[in-house]
There are 2 protein chains.
Amino acid sequence: MTTQHRGRQSICFASPPSIKAAASVVGKKEGEGPLKTYFDLVSQDTKFAQSSWEKAENQMQKLALQTVLKKASLTNQDLDVIFSGDLLNQCIGSNFSLRGTGIPALGLYGACSTMAESLLMASAAISGGYAACAAALTSSHFASSERQYRFPLGYGGQRTPTAQWTVTGSGAIVLQAEGRGPYITGATVGTIVDKGIKDANNMGAAMAPAAYETIRAHFDDFSLAPEDYDLIVTGDLGKLGKELVIELFRRDGVSIASRYDDCGTMIYDLKKQDVHCGGSGCGCSAVVLCGFLLRQMALRKLNRVLFCGTGALLSPVSTQQGESVPSVCHAVSIRSERS
Amino acid sequence: MTTQHRGRQSICFASPPSIKAAASVVGKKEGEGPLKTYFDLVSQDTKFAQSSWEKAENQMQKLALQTVLKKASLTNQDLDVIFSGDLLNQCIGSNFSLRGTGIPALGLYGACSTMAESLLMASAAISGGYAACAAALTSSHFASSERQYRFPLGYGGQRTPTAQWTVTGSGAIVLQAEGRGPYITGATVGTIVDKGIKDANNMGAAMAPAAYETIRAHFDDFSLAPEDYDLIVTGDLGKLGKELVIELFRRDGVSIASRYDDCGTMIYDLKKQDVHCGGSGCGCSAVVLCGFLLRQMALRKLNRVLFCGTGALLSPVSTQQGESVPSVCHAVSIRSERS
């Protein structure tokens, strides 16, 4: 078998899989933000005509999957495997949306890093010869997340300045062995980093060191620098976390600011949409990638993107027990050309 | 790249990874069951000297990881990647036990199918050339599960006849590209099956159709019959679910009873240990595999085992919303010889 690893943490795909199609479905608030024209579906009804927020999230995932398959001119039967996960307890967002589809399904949990993790896994499945066609799918919903992680919506809890707003959105990508790109050329798997941040409303600060360490490892393993990418994008550290990543690199003497952005700061208008530090949730980086970024790649406005999914691996129980917030970041290299 | 898939759902590893070592850590009740002599560590203190049940589960996973690395004469630094997951909300069992280890970590959620899913993923990572050394890790804890899924322990809720008892246990396996076996020769990825069972205390009935469909697909994809395995073992359907799997195959004219068993019925003495239909939880099939089954393979009492992890993908919220129980089963073929 061809070696496909580079350094300890990184993967260099021998046969870079090609993105056949991507789809993004979002709610009303996301449809009012700066990226509104890039999403496939914007629902004015954030309940998606369902009887609960959790069922709304299922419906949103189903719509994302249907849309990506339609765009790829494929059916459920064409998918050899799907990798999916979400923020809901026991990942019911994904598991209920995939039941009865007949698609071989492998469940993931990577919190808000799930789009990157599922894309990494789907790429590995194809380049490893395990599948000819694979999909990556994830979602988050503001209302189902808010009541699970924080307070019931009706309580009207005051949000702290470092809080982020969970994106209502679902993203899906279909990959194939052959195609016209863009291609997934490599990836770096993160380690679980915990620098002791105990404020569950400051996830940007908790996740920034994980993002830094994974991007650092990616540069080291592939002998790359920020200039080798048109865009390095984390998802989703928000405004504060983004500043921390820039600062952590500055301490190494590396300036990444001109090539770096964060999905959490891109999806909303931070001045007008009252989202404090920006967007978060599995759906945030998913719809920014599937909607905006891949469109920019199709237009060749971006040709080399390092997509870095960041996840805060806390739970309400761990926070109540006084624990800090472990975090992870997985990075996926997406390029217009195969090499 | 060499093709490593067989049929739509199955994988045939071109370079079957070798199990370097396995470890099992259990609690007091499991240490009083019929498999008690096979576990590496039995703790009389089910709190593992921690201040909460969740921290106890972390400690148990840490012990399983330390033990398997010690048995393999390896350190954290030798692992290229670890695949792990558990039943706790946001998988805090795994994420907190791996923080600070420096091991590249990919999180999974497959409910009680996690040992099979993680073993499948770790094997795919090695045979795909992504890693030279990979680990699979999972756990469950009776007390952390009971209060999350059902009632606070102090409430003393009456259990229904079809209920299963969540195993307090953690299992870990280290795989390498080269070695003396046993080998992971193939696997079958499950689809998410839901036949409408709404009783969250009858998970055996909910999961049995998923087990049947995956084993059926495995036989079809590899042109195999029950006689081609010394043991087909599900984990963990319990007594009722096991009978249902036998019945589902009988309807196809296939008799699997003489080659078939279930980890949930093996780990406890169902007559004496008051566990109703048997054991459950990610830890159940994990410790039966890592403790008992791999020992039988080392002794060559078993040479061909089909290990079928079964997961009920419900959450307390989905049950409260009147939903049925989606289930999945992933099967992994373990053999003493490479082919």
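This is a predicted model: local features need pLDDT of at least 70, side-chain atom pairs count only at pLDDT 80 or more; totals for chains, interfaces and linings use all residues.

**Exercise 1.** Does B:Phe13 count as buried or exposed? Determine then how its ring pairs with A:Tyr130.

*Solution.* Begin with accessibility. The relative accessibility of B:Phe13 is 4%. Because buried means under 20% relative accessible area, B:Phe13 counts as buried.

Next, consider the ring geometry. Across all chains, twelve aromatic pairs are counted. One of them is formed by A:Tyr130 and B:Phe13, with 6.0 Å centre to centre and 75° between the planes. Planes over 60 degrees apart count as edge-to-face, and the pair is accordingly edge-to-face.

Finally, locate both residues. A:Tyr130 belongs to the loop between α3 (114–127) and β7 (133–140) of chain A, and B:Phe13 to the loop between β2 (10–12) and β3 (18–26) of chain B, so the pair joins two chains.

**Exercise 2.** Which parts of chain B does the pair of B:Phe142 and B:Trp165 tie together? Classify its geometry and identify the charge over the ring of B:Trp165.

*Solution.* The centres of B:Phe142 and B:Trp165 are 4.0 Å apart and the angle between their planes is 0°, a stacked arrangement. B:Phe142 lies in helix α4 (residues 142–149) and B:Trp165 in strand β8 (residues 165–166), so the pair ties together parts that are 23 residues apart in sequence. B:Phe142 counts as buried at 15% relative accessibility, and B:Trp165 counts as buried at 15%.

Over the face of B:Trp165 lies B:Lys29, at 4.1 Å from the ring centre. In chain A, A:Lys29 lies over the face of A:Trp165, at 4.1 Å from the ring centre.

**Exercise 3.** Where is B:Pro104 placed, and which residues does B:Pro104 touch, not counting residues up to four places away in sequence?

*Solution.* B:Pro104 is found in the loop between α2 (92–98) and β6 (105–107) of chain B. With 0% relative accessibility, B:Pro104 counts as buried. Its contacts in chain A are A:Arg8, A:Gln9, A:Val189, A:Gly190 and A:Thr191, while those in chain B are B:Leu79, B:Asp80, B:Val81 and B:Ile82. The C-alpha atoms of B:Pro104 and B:Val81 are separated by 4.8 Å, although the two residues are 23 residues apart along the chain.

**Exercise 4.** Describe the surroundings of B:Asn202.

*Solution.* B:Asn202 lies in the loop between β10 (183–188) and α5 (203–222) of chain B. Its relative accessible area is 14%, and the residue is buried. Beyond neighbours within four places in sequence, B:Asn202 contacts B:Thr162, B:Ile197 and B:Leu240.

Definitions and conventions: Residues are numbered from 1 along each chain as its sequence is written. Chains are lettered from A and ligands numbered from 1 in the order in which they are written. Side-chain values use heavy atoms; hydrogens and water are left out. Helices (H or I, at least four residues) and strands (E, at least two) are DSSP runs, numbered from the N terminus. Buried means under 20% relative accessible area, exposed over 50%, partly exposed in between (1.4 Å probe, protein chains only). Contact means heavy atoms within 4.5 Å. Rings of Phe, Tyr and Trp (its six-membered ring) pair if their centres lie within 6.5 Å; planes under 30 degrees apart count as stacked, over 60 as edge-to-face and the rest as tilted. A charge sits over a ring if NZ of Lys or CZ of Arg is within 6 Å of the ring centre and within 35 degrees of the ring normal.
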